[in-house]
Amino acid sequence: WESLSLWRRFEGETGIPLLTEAGLAWLAGEDDRWERAGQAVLTELGIPVEVIALERASSLFPDLCVDDLDYLLYEPRAALIAASEALRALVDGAVARGATFMSGRAVRDGAGVVVGSGRLTANRVVWAVGCWTASVFPELLHASVIQQDTYYYGAPAAWSSPPVPAWSDVAAGITGAGDLAQTGVKVGLHEHGPPVELDGERVADPFLRAHARAYVARRFPSLAAAPVVRSEIQHTAE
């Protein structure tokens, strides 16, 4: 919530639109401990949030199966970030302020870092390597890496975001968003997929693809036959 103003300032500095306030709907079922706890925190902090009765759910989505839901918890000011554009803008901004960008595989070398044929040193070295953390720092972390795919479905204009919000279905372990900038309706799985080799080829998993399709057909019936227009093969450590 505090970062909204910082993102807007960053947009002003770069002239690149990065943030879309599409809202976020939490789909709350019988076990709504997560949503109740979230509502309490948001209310305490003065962040806009409201409970949407199922009768009003159609005001947020073109269609929505609610037979296992009790209500929707809605954050109208929640926003989506254009992640790739934001990363490029961050790098460009850092370079403009005097940073040096190098592309290459980084390898630990004592207190330094080897990139290509050069060795870099600094007072502080920060590694932000995501799922590679366990392989870069095996003495600190032991973890396996699994696949978790994200799919984008072609949909009619009624699914454009905004006004269609992002959503989180905690019980199903799935998050998603409407069609943002004609990229397709996004469905991201937290279902555990197969173990992967991080440097291997990234290929969509048939089980995850079928799982996402079954969820979409049930939760959003009008998208049951929607084509997959794009997929992202993502990894997470556990």
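Visitor: Which residue stands opposite Ala 25 in β4?
Guide: This is a predicted model, in which local features need pLDDT of at least 70 and side-chain atom pairs count only at pLDDT 80 or more, while totals for chains, interfaces and linings use all residues. Residues are numbered from 1 along each chain as its sequence is written, and side-chain values use heavy atoms, with hydrogens and water left out. Strands here are DSSP runs of E with at least two residues, helices are runs of H or I with at least four, and both are numbered from the N terminus; two strands pair if DSSP finds at least two bridges between them. β2 and β4 (residues 71–75) pair in the antiparallel sense over 5 bridges, and the residue in β4 opposite Ala 25 is Tyr 74.

Visitor: Which residue of β10 stands opposite Ala 25?
Guide: β2 and β10 run parallel and are joined by 3 bridges. In β10, Ala 25 faces Trp 167.

Visitor: How many of the 5 residues of β2 are buried?
Guide: Buried means under 20% relative accessible area, exposed means over 50%, and partly exposed lies in between, with a 1.4 Å probe and protein chains only. Leu 24, Trp 26 and Ala 28 point one way from β2, Ala 25 and Leu 27 point the other way, and all are buried. Strand β2 (residues 24–28) is therefore largely enclosed by the rest of the structure, and its buried count is 5 of 5.

Visitor: Are the rings of Trp 26 and Trp 34 stacked, edge-to-face or tilted?
Guide: Rings of Phe, Tyr and Trp (its six-membered ring) pair if their centres lie within 6.5 Å; planes under 30 degrees apart are stacked, over 60 edge-to-face, and the rest tilted. By this rule there are 8 aromatic pairs. The centres of Trp 26 and Trp 34 are 6.1 Å apart and their planes are at 45°, so this pair is tilted.

Visitor: What is the angle between the planes of Trp 127 and Phe 137?
Guide: Trp 127 and Phe 137 form an edge-to-face pair, 5.9 Å centre to centre, with 85° between the planes. The pair links distant parts of the chain, 10 residues apart: Trp 127 is in the loop between β8 (118–120) and α4 (133–136), and Phe 137 is in the loop between α4 and β9 (145–153). Trp 127 is partly exposed at 23% relative accessibility, whereas Phe 137 is buried at 16%. The angle asked for is 85°.

Visitor: Over the ring of which residue does the charged end of Arg 230 sit?
Guide: A charge sits over a ring if NZ of Lys or CZ of Arg is within 6 Å of the ring centre and within 35 degrees of the ring normal. The charged end of Arg 230 is 4.0 Å from the centre of the ring, and that ring belongs to Tyr 152.

Visitor: Which residue is joined to Pro 163 by a cis peptide bond?
Guide: Most residues other than glycine have a negative phi, and most peptide bonds are trans. A cis bond joins Ser 161 and Pro 162, with omega about -10°. Pro 163 lies in the loop between β9 and β10. The next cis bond, with omega about 15°, joins Pro 163 to Pro 162.

Visitor: What is the relative accessible area of Ala 181?
Guide: Ala 181 has a positive phi of about 60° although it is not a glycine. Its place is in the loop between β11 (174–177) and β12 (185–189). Ala 181 is exposed, and its relative accessible area is 67%.

Visitor: How many charged residues are in the lining of the largest pocket?
Guide: On a 1 Å grid over the protein atoms alone, a pocket is an open set of points where a 1.4 Å probe fits, with protein on both sides within 12 Å along at least five of seven lines, and lining residues have an atom within 4 Å of a point. The largest pocket is lined by 29 residues, with Met 102, Gly 104, Ala 106, Ala 128 and Val 129 nearest its centre. Ala, Val, Leu, Ile, Met, Phe, Trp, Tyr, Cys and Pro count as nonpolar, Asp, Glu, Lys and Arg as charged, and the others, Gly among them, as polar. The lining has 19 nonpolar and 5 polar residues, and the charged ones number 5.
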